[in-house]
Amino acid sequence: MTFRATILTLYPEMFPGHLGASLSGKALERGQWSIEPVQIRDFAEDKHRTVDDTPAGGGAGMVLKADVLARAIDRVSENDDRPRLLMSPRGRPLTQARVRELAAGPGVVIVCGRFEGVDQRVIDARGLEEVSIGDYILSGGEPAALTVLDAVVRILPGVMGNELSGVHESFEGGLLEHPHYTRPQVFEGREIPAVLTSGNHGAIAKWREAEARRLTAERRPDLLDQPVKK
């Protein structure tokens with residue numbers, strides 16, 4: 001099954017972006033996943049192809065129109081059970097668990113907002129799942145959509161050369177990832193921790209676990225309060 005990503009955007013030229021390079025780009029060429037950027041403006045029905053209007057109740061900026069966006073969503077996802085995401089700073093934070101859920105499915109439809117936001121009525125009427133990639137504001141949803149797809153595509157079967165690379169990483173086990181080292185043995189007076197070159201795999205595993213917990217406690221103590229993922 002090929003993972004299909006459809007992106008509703010005012011800037012389709014931004015896709016596939018960096019996803020057309022490296023492992024994700026090779027997987028795209030092999031047909032392991034596909035991406036279809038769709039111009040929202042094509043679904044406007046007036047001669048000026050208007051996609052936005054002033055906010056009801058006043059205020060700065062413009063709002064993406066419900067009717068135009070609804071037509072676009074209906075066209076690309078008719079008889080389609082793919083999740084419909086709206087990239088939004090007020091959405092639920094993206095987690096590795098949600099990424100894995102998306103990767104296990106047939107694909108995703110992603111709406112990229114612009115301006116001040118999207119008319120709430122189309123969010124409700126089309127069941128859009130609002131997703132945030134962090135507590136900051138971007139100029140539009142396109143970079144966020146690329147981030148979501150980057151996280152998903154890399155864990156699709158056969159995309160990464162070493163499947164274990166997607167398992168021993170930050171957030172996969174509920175902890176931040178342990179530190180990494182490689183040759184040279186000594187760099188500017190700093191040595192690789194002796195345990196890592198000891199050949200004792202049990203000791204190495206314990207060291208990595210301890211370091212992961214130490215870093216998590218220092219930088220993301222909130223993760224330690226969450227249930228351990230199996």
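Which residue in E6 is the bridge partner of Arg4? In this predicted model, the partner of Arg4 is Gly107.

Strand E1, residues 3-9, pairs with E6 in the parallel sense, and five bridges join them. Strand E5, residues 84-93, also pairs with E6 in the parallel sense, here over four bridges. Within E6, Leu86 has Val111 as its bridge partner, while Met87 stands opposite Cys112.

These pairings belong to a wider arrangement. Five strands form an open sheet with parallel pairing, and their order is E2-E1-E6-E5-E8. Strand E2 (33-39) and strand E8 (129-132) are the edge strands, as each pairs on one side only. From one strand to the next, the twist averages 35 degrees. Helix H5, residues 142-153, packs on this sheet and touches E1, E2, E5 and E6. The direction of H5 makes about 165 degrees with that of E6.

A residue is called buried when its relative accessible area is under 20%. Strand E6 covers residues 107-112, and six of its six residues are buried; therefore the strand is largely enclosed by the rest of the structure.

In a regular strand, side chains alternate between the two faces of the sheet. In E6, Gly107, Val109 and Val111 point one way, whereas Val108, Ile110 and Cys112 point the other way. The residues of both groups are all buried.

How values were computed. Residues numbered from 1 in each chain as written. Predicted model: local features only at pLDDT ≥ 70, side-chain atom pairs only at ≥ 80, totals over all residues. Heavy atoms only, no water. Buried < 20%, exposed > 50% of the residue type's maximum accessible area, 1.4 Å probe, protein only. Helix = DSSP H or I, 4+ residues; strand = E, 2+ residues; numbered from the N terminus. Pairing = 2+ DSSP bridges. Axes fitted to C-alpha atoms, helices over the stretch in contact; angles between N-to-C directions. Contact = heavy atoms within 4.5 Å.
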